[in-house]
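Hello,

The structure you asked about is placed below. My notes on it follow.

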Amino acid sequence: MSPKSEIKQFILGNYLFTNDESALADDDSLLKKGIVDSTGMLELIMHIEEKYGIKVAEDEMVPANLDSVVNVTAFIERKLAK
Amino acid sequence: MIRSLHHRGPDGYGFHESGPVGLAHARLSIIDLAGGWQPIHNEDRTVWTVFNGEIFNYIELRAELEALGHRFATNSDTETIVHAYEQFGLAFVEHLNGQFAIALWDETRQRLVLARDRVGIRPLFYCLDRNQLLFASEVKALAAGGATLTLDPVGLGEAFTFWSAVDPQTPFRNVRSLPPGHLLVCENGRQSAQRYWQWTPRADRAIAQLSFEEAAGEVRKRLVEAVRLQLRADVPVGAYLSGGLDSSGIVSLVRNYTRNRVRTFSVAFEEAEFDESESQAAMVRYLNTEHVTVRCSRRQIGERFPQLIWHTETPIVRTAPVPLMMLSGLVRESGYRVVLTGEGADEVFAGYDIFKEAKIRRFWARQPESKWRSSLFGRLYGYLKHSPVGNAQFASSFFGAALTDLANPAYAHGSRWGTTRRIWNFFTPATREALAGRDVQAAMLDTLPAEFAGWDGLSRDQYLESKTLLSGYLLSSQGDRVAMANSIEGRVPFLDHELIEFANALPARYKLRGLEEKAVLRAALSDALPADIIRRTKQPYRAPDSASFFENSQPLPYVSELLSPAALKRAGYFDPALVQRLVEKCRQGRAIGFADNQAFVGILSTMLVHEMFVEGRERNFDTSPAVEEGVRIESVQ
């Protein structure tokens, strides 16, 4: 499964408890749409670190990296490419 | 009907029937132990009443009424109600300082009056069933009287937004809760609700012009007066002690008005995360009280949750009331039946983080580009330092939603309501359909007073807090209902209406001084408490949530049963597939956020309400206490 599908499945299953892909657009803001709260963001980071074996540094915890499926996927791909 | 309320009044029952009306009362003897039996009538037996609660100013009111020619047959506070009604008509309620749910029958006018105290400390429900008006302190008595109970999706929608249905709405389709500060007058076959009080800011030049120090002095004087009034009882009065400013302040003031050592009670948790034993112990040493503690484990919370829901009669989103139910059990075992609590100070003097958060957001909204302004959230929420959203850009996106929408009445509360409303995602299509087009938030905001928009921000936030969380949840599921589960009367000096009215005339900056909450109250209590308690930041009272319902990674047996796909499908409120995923997440210990925990507790409690009140199945705990031997039962004619 591509990181994009995997991350989308994780968000759908873990926060929205559904498999219905139409419940979340790839560029929806997770915070603004109320899909993820502050502890939810922590869960997402833990998931990324465990699943992809990467470390999210403090200065990387910004919306540009973590606030949508598109942003998270691009962030993971950038980290993996390093 | 009255037997189902035995836990609220285990000392005896009294009845009166007159034409179309029957009054019944379960007595918890506190004032005039020998003569205070109800129903009570006036001199010529044309006005009758039963009531639950206390009229604290009964001594002064009685003197006033006697001077006007009324003759009293008892020494009870109840009797002031019938004479005050004779004297003042429906305005009688404005003369009462107390916490009460009253039913009064005026035989001459054939008029039934129901009245509820100003802030909703005592509950009062009613329903129209087959041309019969039933009323009682709890919904289970209406069911015992023949009312059919079904859950109302609107009530669920409200509970999963505001933490409780907002009066007069209840979780039940045909049951209404008389809103705080209201009368219901039933006459000539019609009922009309009339408001006699509401929580509003008051324009009072004399109070507004007080200096901060003068205001603190006045708060002290009025709080002492409220405590003095609320210590009135013919049985000993104890007090809850959480270790925080509010309850410690009350206990400290009580010590000045009683010769005996004060008896105090507190909850301790096995989990250090929730435990406040250390500050409680420090306060006990300082105040020299005779203190007892009930220790509460996660397991007990899970096991006693069904019993809690039997008493709350509503879905709830937190488990925090369970330890308080255990605490009132400890009070009862200790031989006490009345306790003072520190409830209400956070609403009256602006103690909650939600008020501070809104203050920062309003300040930030004046200059939305300011990074420094938004960084103030780090001061408010220490945990943000360690949280991914502590990052300034995230904080901006998290707290900055609708930042400049200052006219929005839900400016402070929208985020909390939005988080809770995520439980709606679990509703079945049928429940959603029943709620289709129903914006419970907009509907509630539609009932705001016309003047609301002109109030300052803090006054607006305080009003909404009192209208939603205070009466619907804190004074109910976490207040009256868990105290009365063990026949304990809780009293709340901070909610003395004269103190509220005074505080509501103070400038907002006296309550929130910078980001210091309850500033004027801290100053008022500064010489009554140690400096570290005065300076201590408010600790929210919490208890373990979803983790309480699992043992060795397996749900407790009743949880498995109620949250099974078959049971969920039969009840029809929640989507079984979604709930299964949530349960699995909780089972694995991965539910660490508010949203998941609220959803789990909310869904489980709804299923318990359904089982006990809709299906009428009894659980294996003491739901209907037997009439004890020697209990007085009498019919007053």
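**A parallel strand pair and its sheet**

In chain B, strand E12 (residues 237-240) and strand E15 (residues 338-340) pair in the parallel sense over three bridges. Strands here are DSSP runs of E with at least two residues, helices are runs of H or I with at least four, and both are numbered from the N terminus. Two strands count as paired if DSSP finds at least two bridges between them. Within this pair, B:Val237 stands opposite B:Val338 of E15(B).

This is a predicted model, in which local features need pLDDT of at least 70 and side-chain atom pairs count only at pLDDT 80 or more, while totals for chains, interfaces and linings use all residues. Residues are numbered from 1 along each chain as its sequence is written, and chains are lettered from A and ligands numbered from 1 in the order in which they are written.

The pair belongs to an open sheet of five strands in chain B, with parallel pairing and the order E14-E13-E12-E15-E16. Its edge strands are E14 (290-296) and E16 (489-491), each of which pairs on one side only. Neighbouring strands of the sheet are turned by 30 degrees against each other on average, direction ignored.

**Two helix pairs**

Helix H26 (residues 576-587) and helix H27 (residues 594-614) of chain B pack at an angle of about 120 degrees, their axes 10 Å apart. Axes are lines fitted to C-alpha atoms, for helices over the stretch in contact, and angles run from 0 to 180 degrees between N-to-C directions. That angle makes H26(B) oblique to H27(B) (under 35 degrees is roughly parallel, over 145 roughly antiparallel, 65 to 115 roughly perpendicular, and the rest oblique). On the H26(B) side, B:Val579, B:Leu582, B:Lys585 and B:Cys586 meet B:Asp596, B:Ala599, B:Phe600 and B:Ile603 of H27(B); contact means C-beta atoms, placed from the backbone, within 7 Å. These residues divide into six nonpolar, no polar and two charged (Ala, Val, Leu, Ile, Met, Phe, Trp, Tyr, Cys and Pro are nonpolar, Asp, Glu, Lys and Arg charged, the others, Gly among them, polar).

Helices H1 (residues 58-67) and H2 (residues 78-88) of chain B pack at about 45 degrees, with axes 10 Å apart. H1(B) and H2(B) are therefore oblique to each other. B:Tyr58, B:Leu61, B:Arg62 and B:Leu65 of H1(B) make the contact with B:Thr80, B:His83, B:Ala84 and B:Gln87 of H2(B). By class, this contact has four nonpolar, three polar and one charged residues.

**Where the chains touch**

The contact takes 21 residues from chain B and 20 residues from chain A. On the chain B side, helix H14 (392-399), helix H15 (414-421), H26 and H27 each supply at least two residues.

Regards

How values were computed:
Contact = placed C-beta atoms within 7 Å.
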